[in-house]
Amino acid sequence: MNITVIGAGYVGVTTSIAFAEQGYHVFVVDSDKEKLEKLNHAILPFYEEGMEEILKSLLEQQQLIFTNNIQDAVRQSEFIYIAVGTPPLPSGAANLEQIEQVSKAVGSALQEYRTIVIKSTVPIGTGEKVEFIIKEQLNLRKKDIKFDVVANPEFLREGSALHDALYPDRIVVGCENVRARQMMEKLYQHSKAPILFTNRKEAELIKYASNAFLATKISFINELARVSEELGVNISIVSKGMGMDKRIGADFLRAGIGYGGSCFPKDTRALLAMSSEVGMPLKILDAAVGINETQVTWFMKKISNLFGSLEDKHIGVLGLTFKPNTDDIREATSLKLIKELLLHKAIVSAYDPKSTALVKTIYPEIWITTDPLDAINNVDAAILVTEWDEIVHMDWKEARRRVRQPYLFDGRNVLEPKKMAEYGFYYEGVGVGNLRKENLHG
Ligand code: UDX
């Protein structure tokens, strides 16, 4: 069976590689010729460990073809996956322009029955909209061709994208009739993951609800960290104790300076916009978003309280990407933190193994290096923002020698406070630590 995937972004390319790995022939369609050219040479538009090698071998086996010829691809494929972007509008709602364009193109390319599957994260009711647009195109062409539109959301995480796409916890398929369901059963017949069949709208909401719930879990622990700090309680231990309850689970319960990335911030705001549109604004989610938006400022207060003024203080930022093992800085906490540091007139240096060039263009006034020790040379405080292995396992003994003042702020609660104290650092995490003025100065 052949599959066409429209949209050569993170989700589109990963989905295509996963299908190709399972033995399907995949046409990946995109309008960006430069991107296609690079992909044809196995150069990815994003960083994902090991993925370029896999892509290279799939290209050699001709299992995957990158093309801008949508007509041809649709003609040769039983399944048409839509994986284009749904970026946020100023209101927070998802912009469906690309989805609409692609639906039109599919409508003009259709020659016989096809199963059209929406992989992009889309607002509830988009499946219906896509169906309507395709029908309109067919009417214009005076063609009576049968087709189905299915919702099959993606749950992959950056940094482990291919693994998540190949071995998902569950596959959610939203369809409206038996034919579409049978097609999807055939497509996923070799998959070991449980498949949940729902209707289209349910599948669309499952995607938003899952991301919103995980984001809320993080904001819950982050807000609790603020309180536990006041109470003198270590949030990491509280989180551990809570996570051991199977009903709660330990994942996404690590306090930090807030979540970022291309999904959580965007999807939570989009779900909020949708809930307001129907007159039922989600209050818990609204609070979760609010906590995340103020988490950096709350964290920054700890630093500015310590120094009084940050003017001309030299601060080293460790990690720029929104999470480790990616080069993505979309909605990265580091960017908000650097902005605040510069507003406070601090001198900033930074380290990241994968994302330096882009951050340099955003903040030309900061010095960025690919050596973590250089980034904290002579600093008054070091702040860990992204838990890259290169940072967590850096030579902290040498790091202590390099810094001017040994203040260490752990924005991800990943360092061992006792160990750091042994190296001679004053350690402060999120809801963990003792850098409060009263502790330091009696
Ligand atoms: C997320 C979802 O996990 C994935 O299912 C969906 O398809 C896309 O959005 P991703 O954005 O790649 O994936 O990263 P994820 O690992 O979920 O982390 C998101 C953010 O939450 C990161 O900034 C991370 O640092 C933060 N986080 C995560 C915490 O602050 N604490 C935690 O305990 C876990």
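Helix α9 (residues 200-231) packs against helix α12 (residues 283-307) at an angle of about 45°, and their axes lie 9 Å apart. Helices here are DSSP runs (H or I, at least four residues), strands likewise (E, at least two), numbered from the N terminus. The axes are lines fitted to C-alpha atoms over the stretch in contact, with angles from 0 to 180 degrees between N-to-C directions. The model is predicted, with local features needing pLDDT of at least 70 and side-chain atom pairs pLDDT 80 or more, while totals for chains, interfaces and linings use all residues. Residues are numbered from 1 along each chain, and side-chain values use heavy atoms, without hydrogens and water.

The two helices, α9 and α12, are oblique to each other, because angles under 35 degrees count as roughly parallel, over 145 as roughly antiparallel, 65 to 115 as roughly perpendicular and the rest as oblique. Among the residues that make the contact are Ala212 and Arg226 of α9 and Trp298 of α12; contact means heavy atoms within 4.5 Å.

Two individual residues may be set side by side. Buried means under 20% relative accessible area, exposed over 50%, and partly exposed in between (1.4 Å probe, protein chains only).

| Residue | Relative accessibility | Class |
|---|---|---|
| Asn2 | 19% | buried |
| Arg247 | 76% | exposed |

Asn2 belongs to strand β1 (residues 2-6). Leaving aside neighbours within four places in sequence, Asn2 is in contact with residues including His25, Phe27 and Phe79.

Arg247 lies in the loop between α10 (235-243) and α11 (264-277). The C-alpha atoms of Arg247 and Glu136 are separated by 47 Å.
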